[in-house]
Amino acid sequence: MLQTWVLVVQAGRRVWTRNYWSSKGTHISSSLARRLWQQTYITKAADSKRGEIDISTYPPDRIRNFSIIAHIDHGKSTLADRLLETTGVISKTGKNRQVLDKLKVERERGITVKAQSASMFYEHDGQKYLMNLIDTPGHVDFSYEVSRSLAACQGTILLVDAAQGIQAQTVANFFLAFGEGLEVIPILNKVDLPTAEPERAALQIESAFEIPTNNILHISAKTGLGIDMVLPSVIEKIPPPTGSADSPFKALLFDTWYDKYVGVVCLIAVKDGAIKRGDKIVSSYSGTKYEVAEVGIMHPEQKPTTQLQVGQVGYIACNMKTVAEAHVGDTFYKDKHPVEPLPGFEPAKSMVFAGIFPIDAGEFDRLNESIQKLTLNDSSVSVHKETSAALGQGWRLGFLGTLHMDVFRQRLEEEYDANILMTSPTVPYQIKYKDGITKFIRTPSEFPNAIVMQERVESTMEPFVSSTLIFPEQYLGSMLELCSTHRGDIQTHTYLDESRVMLKCKLPMAEIVTDFYDRLKSKSQGFASFDYEEAGYARSDLVKLEVLLNGEPVDALAAVMHKSSIATAGRDIAKRLKDVIRRQLFDISIQTTSNGKVIARETVKQLRKDVTAKCYGGDARRKMKLLDKQKEGKKRMKKIGRVELPQEAFLSVMTKSQE
Amino acid sequence: MNLGRKTPLSIYVHWPYCSFLCKFCAFSKARVPLGGVEHERISSALLTELKTVLAPHSDKTLYSIYFGGGTPSLAQPRHIAQIVQMANKLVPLAASAEITLESNPTSAEINKMADFKLSGITRYSIGIQTLNDQVLERMGRLHTGAEGLAAIDRAKQLFPGHVSCDMMFGFEGQTTSEWQRELETVLDHADNHLSLYQLTVEPGTPLFRDLNAQRIKLPAEDTQSQMYETAVELCSSRGFRHYEVSNYAAISSAESVHNKGYWQDRQWIGIGPSAHSRYTDPANGQRIHSVRIPDIQRWAQSCIDNGHGTGKVDLISSLEAKQGAVVFGLRMLDGLSNQRFMSISGGQPLTEYLCMQSVQQHVQNGYLKWTNGSACLAPTEKGLQVIDSILLDIIP
């Protein structure tokens, strides 16, 4: 359940509110909330009448915009906590645990889903600096968001766990930052661990990224060791933002969220000019005009300032109604002063689709509301209503990737107590028709039938990814095998040091959306890391696998896949269905077919006996209760013709066989 | 039997002690205590309770009394006689009333058989369970197969035409042909009635724990079905009519009057710890289901203190009553007559209560049939075998 700490602060004439929200247990404690309240209140009283602070004394050369990039669990959030403490943004209670990761799922999974940023004031060599730490989502699903966050910085800290060395995500993040032209400062973390091998990790950094590591910082974010060297290093090595105070206002929108009280909040990096409350701004992408209601910095919560000027990073609230209006990567300019939009903008693109259905059809409305609420804060989820003959009314949701999907599902279940059935995820395939038209298909039901395929389809295409796998060399054999069983095209494998291998492999995206990651982890005993980036579409022989129960197709069990997978998948799915379908009063034939050809056939034999042996006086009540329970269970079954299909049937086709 | 005009009533007497505890038994029971059963305390509590709970039903006629348990053949015959006499005094027994005693085929109990007959018992039911001595031992039963057969032979002399025996099938390791041979032997000795149960693993029993811990493995589902089918065929070939899921009778008068009462919605009063009752409250016409306190000592104390040991009383809604009538009625191959159903439903006919689309489908597929010119809905032999699935389809 969400707990909301609402702080009301009387500042000047205006009552304004803050909400520190978090999930039960691990979250911002009430004492922290109280402390933040005191801090906020005290700072307010000292500032201008409206409670706005003035940061106009920080020109670009007194500003550093930087991020931290790291593999999962390499200590990014802990380092952020230490930096916030060092600069007094949060107090040193020793209780700050990943202050920037606010979602429960973020803490549980050790990942950052929603980037959070914070501004810090720091004195170095007698000069005051405004340091903006721009957090980045830590997962490949959000690589576009990462790239936009990086575009708001001039440099980044590449944080590497000295015990684990560089991992696949380190590599992917490095190249993203490198691609943005950022200054990269490698730092070795967790050097206090007995298993730390800083020299080896440094060597890996040099061989993978060709950057010198002679003066590399050795720190322990956990103990605070070497932390005081981090910000000076950032100031000295990362260049200040460029841009002109006299040019018309131009800003990059790189993050956004929904705040119950002020509506949509946009995080921006001001590239030129300045902005203040009351200014009218325009979105380059949509052309929509907005009036700025509030500008400020994240300190670590929203704190209004008199203005935001060139080089600075902060938030604006401008009466946007939904997050869908705020497009990450968009450029804002002042009304009547259009500018050239910043490069790199792409609208959100769904890479994984899955059907979501309420288990109890009566919960449709409630689920509808929950999905709406969740997407209010995550415009990257695409939502389409979908009706399945087998599962009834539901939605087809598009996600940036599988983690994004899992997080969404988890939040739906945990925060909204939703009881849902999710169909097997699919990727957006492309169908090229002979008349030149290209269509995307989100769901197997959109896949052309055999006749259309033959007469009108020119080719079928599927999305690919370029992946990086890093693992100890003893797993080379099993990793190569894993890639080849997933139709991977192995490009290179290189040694990062004497024992660690980096494998580059092109994989169909469809192969990694189900259980690739789990199998990678199990085959390497957890030692392999994996990351990828999109690599466009390529021709692929795609076919649709259908499941028929007593001759009737079950739309929710259909899947699109590569021709080479069909025989195994067909046999596998038929077998699994046989295991979960209960015997009924007639034989149930399970067929998997493709293009009208039967691939596998199984039969659930007719129920031969189903009768309670003893039923006398004392059994009456129990028998009736059992009957009621069975009737309830029957209601939850999905009926395909006369065949009753349990929920497990849908789950059973979601994972690939373990061979 | 003289049906008369009075409302029929049955009595169930729960005698809670056993000399040994069977691994499969889920009934409420206790092993005979070290110092022996307090016969006087139990029987006086039973008599007190009987007097209290039977009093309001004096305008009915007793069709049957059934001594179950536990092991009621461990009771003293004179106490059984007292209960029968007391019941008859409160509610007159019909002329041909059936008074059954359940027993185990141990020599001690066999020796008491004649005394039970003198106590008023008219029907003797013997728990043979199996003729396989190893299985008997494994199940915790302290008698042999030979003793089982000897008990039948002895009972036939004392209660000719009124002896029943219980058998079970589906024990670990048992094959269909073994079961068939066993049943053939039992049929050679049997009187007019047999109850043949598939071994059912009830939660809370030692058997259930053994199965869950995978210490034992029961025959495959298809083997169990085969055993059931074997029972049906073999009994039929020997002239025993299959009249309920697990019950067979050589002549219709041998069918258990008492048990048919459960399946045909008759009222009954249960006494003794954990006994259930189902009756219509004479005061207000409410259908009642009640359960006596299960703990023997607490039940006995309550009988002394309050005159009865009732633990729980529930009203039976009209919906429950209708559902019950169908669930129990369709366990019998004679089925459920529309007339009987309407007496329970307050005039609503079966065709208006059941999901008729499903009923028709099952009739077409040969699982159900309308008999007596559509006056009665009954399962076919094939339908009875899967009646639990069918009930789920046809009950709304």
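User: At what angle do helix α3 and helix α5 of chain B pack?

Analyst: This is a predicted model, in which local features need pLDDT of at least 70 and side-chain atom pairs count only at pLDDT 80 or more, while totals for chains, interfaces and linings use all residues. Residues are numbered from 1 along each chain as its sequence is written, chains are lettered from A and ligands numbered from 1 in the order in which they are written, and side-chain values use heavy atoms, with hydrogens and water left out. Helices (DSSP runs of H or I, at least four residues) and strands (runs of E, at least two) are numbered from the N terminus, and axes are lines fitted to C-alpha atoms, for helices over the stretch in contact, with angles running from 0 to 180 degrees between N-to-C directions. For α3 (residues 107-119) and α5 (residues 145-158) of chain B, the axes are 10 Å apart and the angle is about 10°.

User: Why is α3(B) described as roughly parallel to α5(B), and not as roughly antiparallel?

Analyst: Angles under 35 degrees count as roughly parallel, over 145 as roughly antiparallel, 65 to 115 as roughly perpendicular and the rest as oblique. The two helices pack at about 10°, and that makes α3(B) and α5(B) roughly parallel.

User: How do the residues of the contact of α3(B) with α5(B) divide into nonpolar, polar and charged?

Analyst: Contact means heavy atoms within 4.5 Å, and the residues that make it include B:Ile110 and B:Met113 of α3(B) as well as B:Ala151 and B:Arg154 of α5(B). Ala, Val, Leu, Ile, Met, Phe, Trp, Tyr, Cys and Pro count as nonpolar, Asp, Glu, Lys and Arg as charged, and the others, Gly among them, as polar. By that division there are six nonpolar, one polar and three charged.

User: Which residue in β17(A) is the bridge partner of A:Glu294?

Analyst: Strands β14 (residues 294-298) and β17 (residues 313-317) of chain A pair in the antiparallel sense over three bridges. In β17(A), the partner of A:Glu294 is A:Ala317.

User: What is omega for the peptide bond from A:His299 to A:Pro300?

Analyst: Most residues other than glycine have a negative phi, and most peptide bonds are trans. A:Pro300 is found in the loop between β14 and β15 of chain A. The bond from A:His299 to A:Pro300 is cis, with omega near -5°.

User: Is B:Gln129 buried or exposed?

Analyst: B:Gln129 lies in strand β6 (residues 123-129) of chain B and has a positive phi of about 70° although it is not a glycine. Buried means under 20% relative accessible area, exposed over 50%, and partly exposed in between, with a 1.4 Å probe and protein chains only. At a relative accessible area of 9%, B:Gln129 is buried.

User: How does A:Asn595 count in terms of relative accessibility?

Analyst: A:Asn595 lies in the loop between β32 (588-594) and β33 (597-604) of chain A, and its phi is near 50°, a positive value in a residue other than glycine. Its relative accessibility is 49%, so A:Asn595 counts as partly exposed.

Key: Two strands pair if DSSP finds at least two bridges between them.
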